[in-house]
Amino acid sequence: MLHDVCQLHGEISPGSTIVEDLGERSLRLVGDPKLLSQVFDNLLSNAIKYSPGGGLAKITSRGEDGRLVVTVEDNGIGIPPG
């Protein structure tokens, strides 16, 4: 699912760079596939949208203590503390 979201945004935003570090592809995610896809789609879309010049967005997944940890990183302005 994460790879598919990255592929879609690569096609939608050809000027951006999306780096996938998806670790073990056999890791499983339990939940509603449509809602989870929408969450990751929104996160990646915002990472691209708010990065300078479409910039670099990185999505990483890894197993940790029996859980799947997914991070989305960018070089954008960020969210102010508060």
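The model is a predicted one, so local features are reported at pLDDT of at least 70 and side-chain atom pairs at pLDDT 80 or more, while totals for chains, interfaces and linings use all residues. Residue numbers start from 1 along each chain as its sequence is written, and side-chain values rest on heavy atoms, with hydrogens and water left out.

Starting with the overall layout, the protein has two helices and three strands. Here helices (H or I, at least four residues) and strands (E, at least two) are DSSP runs, numbered from the N terminus. Read from the N terminus on, the order of elements is α-β-α-β-β. The radius of gyration comes out at 13 Å, close to the 12 Å that the globule rule gives for 82 residues, so the protein is as compact as a globular protein of that length. That radius is taken over C-alpha atoms, and the globule rule is 2.2 Å times the number of residues to the power 0.38. Along the principal axes, the C-alpha trace spans about 35 × 35 × 20 Å.

As for contacts (heavy atoms within 4.5 Å), 61% of those with a separation of 6 or more join residues 24 or more positions apart. Buried residues make up 22% of the 82 residues; buried means under 20% relative accessible area, exposed means over 50%, and partly exposed is in between (1.4 Å probe, protein chains only). The protein exposes about 5800 Å², of which carbon and sulfur atoms supply 52%. These areas come from the Shrake-Rupley method with a 1.4 Å probe, and for residues only the protein chains shown count as cover. On the charge side there are 7 positive and 11 negative side chains, with the centres of the two sets 3 Å apart. Lys and Arg count as positive and Asp and Glu as negative, with His and the chain ends not counted; each charge is placed at NZ of Lys, CZ of Arg, CG of Asp or CD of Glu.

Now for the inside. The largest nonpolar core has 11 residues in all: Leu 2, Val 5, Cys 6, Leu 22, Leu 36, Phe 40, Leu 44, Ala 47, Ile 48, Ala 57 and Ile 59. Helix H1 (2–12), helix H2 (33–49) and S2 each supply at least two residues of this core, and the largest share, five residues, comes from H2. A nonpolar core, in this sense, is a set of buried Ala, Val, Leu, Ile, Met, Phe, Trp, Tyr and Cys residues joined through side-chain atoms within 4.5 Å.

Phe 40 sits in helix H2 and is buried, at 8% relative accessible area. Setting aside residues up to four places away in sequence, Phe 40 touches Met 1, Leu 2, Val 5, Leu 29 and Val 70. Its C-alpha atom is 12 Å from that of Glu 73, a residue 33 positions apart along the chain.

Thr 60 belongs to strand S2 (residues 56–64). With a relative accessible area of 12%, Thr 60 is buried, and beyond four places in sequence its contacts are Asp 21, Val 69, Val 70, Thr 71 and Glu 73. Past that strand, Asp 65 lies in the loop between S2 and strand S3 (67–74). Asp 65 is exposed at 75%, and has a positive phi of about 50° although it is not a glycine.

A few partly exposed residues round out the picture. Met 1, in the segment before H1, has 39% relative accessibility and counts as partly exposed. Beyond four places in sequence, Met 1 is in contact with Leu 29, Pro 33, Leu 36, Ser 37 and Phe 40; the C-alpha atoms of Met 1 and Ser 37 are 6.8 Å apart despite 36 residues along the chain. Asp 41, in helix H2, is partly exposed at 23% and touches Val 5, Leu 8 and His 9, again leaving out residues up to four places away. Leu 8 itself lies in helix H1 and is partly exposed at 40%.
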